[in-house]
Amino acid sequence: MPPQGKNGHREQKLVVVGGGGVGKSAITIRFVTSHFYDEGYNPTIEDSYKRQFVVDDEAVTLEILDTAGQEEFAAMADQWYTFGAGFLLLYSITDRPTFEALPNFHQEILRVKDKDYVPCVVVSNKCDLSRYRAVGQLEGREMARSLSAPFIECSAADGVNIEVAFRELVKLVRKDQKREAL
Ligand code: GDP
Ligand code: MG
């Protein structure tokens, strides 16, 4: 049982997943430190971060796992998926294969957790690079709908919609935890 405050759960474990180079580390670091991480591309294996966050007047301690999307780390994915209560499914608007890979990530999460619903938010990153856009907003929205997830376009570089994405996910995880507690 996760720890409970008087208004519900006070801790959440969230996982950021998606293909290589979509901005998983950039988004996580932007959210945790308010800075843009740009040290070139550095394929993370996994890093975990903590941040206090207030959503709907209720504080939550988030433990956020920034993962690797590369195939060679696939063996670790089961552990990440077991760990997480909620998932940011990330792709880059400039990289179409990362968009097409999202349903696979989603399916794997459901399979590992043996559930037919897991709280997820579809996040399309790098919206500051619109001149290199390779995935339309409407396509993103439709994909999110097909995965029963909200859709948010953001930019880790410009700091656009990062908190919005995490806030949506925190709300979905709370709802899910309430449902599971019934
Ligand atoms: P990860 O493999 O998913 O963790 O991707 P990274 O966070 O390492 O980002 C990969 C590259 O994309 C890095 O060079 C980042 O600086 C860059 N990047 C990440 N997010 C954004 C963004 O929102 N806009 C732009 N222009 N570049 C970004
Ligand atoms: Mg990374």
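**Confidence.** I noted that this is a predicted model. I looked up the scores and found an average pLDDT of 90 for the protein, with 87% of the residues at 70 or above. The model's ipTM is 0.99 and its pTM is 0.91.

**The core.** I turned to the largest nonpolar core, which holds 47 residues. Leu88, Leu89, Val121 and Val122 are the members that touch the most others there. I also checked which helix gives the most to this core, and H6 does, with seven residues.

**H1 on H6.** How far apart are the axes of H1 and H6? I read 10 Å, at an angle of about 90 degrees, for H1 (residues 24–33) and H6 (residues 162–181). The two helices are therefore roughly perpendicular. H1 brings Ile27, Arg30 and Phe31 to the contact, and H6 brings Ile162, Glu163 and Phe166. I sorted these by class: four nonpolar, two charged and no polar residues.

**H2 on H4.** My last stop was H2 (residues 74–83) with H4 (residues 102–113), whose axes come within 9 Å and cross at roughly 75 degrees. That angle makes this pair roughly perpendicular. On the H2 side I listed Ala77, Asp78, Tyr81 and Thr82, and on the H4 side Glu108, Ile109, Val112 and Lys113. By class, this contact has four nonpolar, three charged and one polar residue.

Definitions and conventions. Residues are numbered from 1 along each chain as its sequence is written. Chains are lettered from A and ligands numbered from 1 in the order in which they are written. This is a predicted model: local features need pLDDT of at least 70, side-chain atom pairs count only at pLDDT 80 or more; totals for chains, interfaces and linings use all residues. Axes are lines fitted to C-alpha atoms, for helices over the stretch in contact, and angles run from 0 to 180 degrees between N-to-C directions. Helices (H or I, at least four residues) and strands (E, at least two) are DSSP runs, numbered from the N terminus. Angles under 35 degrees count as roughly parallel, over 145 as roughly antiparallel, 65 to 115 as roughly perpendicular and the rest as oblique. Two residues are in contact if their C-beta atoms, placed from the backbone, lie within 7 Å. Ala, Val, Leu, Ile, Met, Phe, Trp, Tyr, Cys and Pro count as nonpolar, Asp, Glu, Lys and Arg as charged, and the others, Gly among them, as polar. pLDDT is the predictor's confidence in each residue, from 0 to 100. A nonpolar core is a set of buried Ala, Val, Leu, Ile, Met, Phe, Trp, Tyr and Cys residues joined through C-beta atoms within 7 Å. A residue is buried if 20 or more other C-beta atoms lie within 10 Å of its own, exposed if 12 or fewer, and partly exposed in between; C-beta atoms are placed from the backbone.
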